[in-house]
Amino acid sequence: NGSIFVASFTLNHIVRLQLDPVNRARAMYKVFVSGSELDGPVGMVIVDEALLVASFANDRVLRVGRHSGELLGSFGNEDELDCPEGLALAPDGTV
């Protein structure tokens, strides 16, 4: 839909850029995801209607609504994940 998501590790948020449909050289900038659950976002992948975000500093992966930015859940902890830096989507849809 012309959206680009950008992670800011130091500012602890995800920005959504939406390209202007008429002038593709312009984009609207909006802080899309922020909050205490997000700590050092690094990698992201879109799965169905969710944006999965690797939250490096708190050893979690957040599941966020890709249209709303609402936190839908999370998984992981320091025993399961150690500073996740990236996410990948396999051809079969497995993350």
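This note walks through some features of the structure above, point by point.

1. **How to read the model.** The model is predicted: local features need pLDDT of at least 70, side-chain atom pairs count only at pLDDT 80 or more, and totals for chains, interfaces and linings use all residues. Residues are numbered from 1 along each chain as its sequence is written, and side-chain values use heavy atoms, with hydrogens and water left out.

2. Let's begin with the strands, which are DSSP runs of E with at least two residues, numbered from the N terminus (helices are runs of H or I with at least four). Strands β1 and β2 run antiparallel and are joined by six bridges; two strands count as paired if DSSP finds at least two bridges between them. Look for Ile4, whose bridge partner in β2 is Leu17. Four residues lie between the strands of this hairpin, where Asn12 takes a positive phi near 55 degrees.

3. **On to β3.** Seven bridges pair β2 with β3, again in the antiparallel sense. Here Ile14 stands opposite Val33 in β3.

4. **A charged residue inside.** Which residue is buried yet has no salt bridge? Arg16, found in strand β2, is the one to look at: the nearest side chain of opposite charge, Glu49, is 10 Å away. Buried means under 20% relative accessible area, exposed means over 50%, and partly exposed is in between, with a 1.4 Å probe and protein chains only. A salt bridge needs a side-chain nitrogen of Lys or Arg within 4 Å of a carboxyl oxygen of Asp or Glu. For charge, Lys and Arg count as positive and Asp and Glu as negative, while His and the chain ends are not counted. Leaving aside neighbours within four places in sequence, Arg16 is in contact with residues including Phe5, Tyr29, Phe32 and Arg66; contact means heavy atoms within 4.5 Å.

5. Rings of Phe, Tyr and Trp (its six-membered ring) pair if their centres lie within 6.5 Å; planes under 30 degrees apart count as stacked, over 60 as edge-to-face and the rest as tilted. Phe5 and Phe32 make a tilted pair, with 5.3 Å from centre to centre and 50 degrees between the planes. This pair links distant parts of the chain, since Phe5 sits in β1 (residues 3-8) and Phe32 in β3 (residues 27-34), 27 residues apart. Both Phe5 and Phe32 are buried.

6. Phe9 is partly exposed at 41% relative accessibility, and Phe56 is partly exposed at 23%.

7. **The open sheet.** Now find the four strands that form an open sheet, in the order β4-β5-β6-β7 with antiparallel pairing. At its edges stand β4 (41-47) and β7, each with a single partner strand, so one side of each has no neighbour in the sheet. From one strand to the next, the twist averages 20 degrees; axes are lines fitted to C-alpha atoms (for helices over the stretch in contact), and angles run from 0 to 180 degrees between N-to-C directions. Within the sheet, five bridges join β4 to β5, and Leu51 in β5 is the bridge partner of Ile46.

8. **Asn58 in its loop.** Asn58 is placed in the loop between β5 and β6 and counts as partly exposed, at 22% relative accessibility. Apart from neighbours within four places in sequence, Asn58 is in contact with Ser36, Glu37 and Asp39.

9. **Positive phi values.** Most residues other than glycine have a negative phi. Asp48, although not a glycine, has a positive phi of about 55 degrees. Asp48 lies in the loop between β4 and β5 and is exposed, with a relative accessible area of 65%. Cys83 also has a positive phi of about 55 degrees without being a glycine. Cys83 is found in the segment after β7 and is partly exposed, at 27%.
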